[in-house]
Amino acid sequence: MLFDRIFRRNQMTCGEVMEVLQAYLDGEVDADQARRIAAHLDRCAACDNEASVFGRIKVSLSTRQRSVDPQILDALTSYSQRLAQGEEV
């Protein structure tokens, strides 16, 4: 009984996990917190699903390569320069 109370006290709630989930996925939490988050994700399907979605979004964004058309970039640069010089555009 005492062990169960101590064990549950060290468990993270869904809200606590959601507050630090992004940091966890980015590897920005300490080892103890990472262990506690991983343990929560192992037993909570809803939070594990959120982590999976965040992970897929992160991978998708990191592999996305979108180039800007050089003409559009030149036009935006010219426009911003005219604005900075106080010209009417």
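Helix 2 and helix 4 are roughly parallel to each other, since angles under 35 degrees count as roughly parallel and this pair packs at an angle of about 25 degrees. Their axes lie 11 Å apart, and helix 2 passes helix 4 in a right-handed crossing. The structure described here is a predicted model.

**Overall make-up**

The chain contains five helices and zero strands. Read from the N terminus, its elements follow the order α-α-α-α-α. The chain has 89 residues, and 12% of them count as buried.

**Helix packing**

Two further helix pairs involve helix 3. Helix 2, which covers residues 14–25, and helix 3, which covers residues 31–43, have axes that come within 10 Å and cross at roughly 120 degrees. That angle makes helix 2 oblique to helix 3. The crossing of these two helices, helix 2 and helix 3, is left-handed.

Helix 3 also meets helix 4 (residues 45–63), with axes that come within 6 Å and a crossing angle of roughly 115 degrees.

| Helix pair | Axis separation | Angle | Handedness |
|---|---|---|---|
| Helix 2 and helix 3 | within 10 Å | roughly 120 degrees | left-handed |
| Helix 2 and helix 4 | 11 Å | about 25 degrees | right-handed |

**Salt bridges**

Side chains of opposite charge can pair when their charged atoms come close. How many salt bridges does the structure hold? There are two salt bridges in the structure.

One of them joins the side chains of lysine 58 and aspartate 26, with an N to O distance of 2.8 Å. Lysine 58 belongs to helix 4, while aspartate 26 sits in the loop between helix 2 and helix 3, so this pair ties together parts that are 32 residues apart in sequence. Lysine 58 is partly exposed at a relative accessible area of 35%. Aspartate 26 is also partly exposed, and its relative accessible area is 33%.

In the other, aspartate 32 pairs with arginine 35, and the closest N and O atoms are 2.6 Å apart. Both residues are in helix 3; because they are three residues apart, about one helical turn separates aspartate 32 from arginine 35. Aspartate 32 has a relative accessibility of 41% and counts as partly exposed.

**Residues apart in sequence**

Glutamate 50 is a residue of helix 4. Its relative accessible area is 33%, so glutamate 50 is partly exposed. In sequence, glutamate 50 and methionine 18 are 32 residues apart, and their C-alpha atoms are 8.5 Å apart in space.

Where is methionine 12 found? Methionine 12 is in the loop between helix 1 (2–10) and helix 2. Is methionine 12 buried or exposed? With a relative accessible area of 6%, methionine 12 is buried, because the cut-off for that class is under 20%. The C-alpha atoms of methionine 12 and alanine 38 are separated by 9.9 Å, and the two residues are 26 residues apart along the chain.

**Nonpolar surface**

Which residues make the nonpolar surface patch of about 380 Å²? The patch is formed by Val68, Ile72, Leu73 and Leu76. Of these, isoleucine 72 is placed in helix 5, which spans residues 70–84. Isoleucine 72 counts as partly exposed because its relative accessibility is 47%, and that class ends where exposed begins, over 50%.

Methods. Residues numbered from 1 in each chain as written. Predicted model: local features only at pLDDT ≥ 70, side-chain atom pairs only at ≥ 80, totals over all residues. Heavy atoms only, no water. Patch = residues over 30% accessible without salt bridge, like charges linked within 9 Å, V, L, I, M, F, W, Y side chains within 5 Å. Areas by Shrake-Rupley, 256 points an atom, 1.4 Å probe, with all protein chains shown as cover. Salt bridge = Lys/Arg side-chain N within 4 Å of Asp/Glu carboxyl O. Helix = DSSP H or I, 4+ residues; strand = E, 2+ residues; numbered from the N terminus. Buried < 20%, exposed > 50% of the residue type's maximum accessible area, 1.4 Å probe, protein only. Axes fitted to C-alpha atoms, helices over the stretch in contact; angles between N-to-C directions. Parallel < 35°, antiparallel > 145°, perpendicular 65-115°, else oblique. Left-handed = near helix turned anticlockwise from the far one by under 90°.
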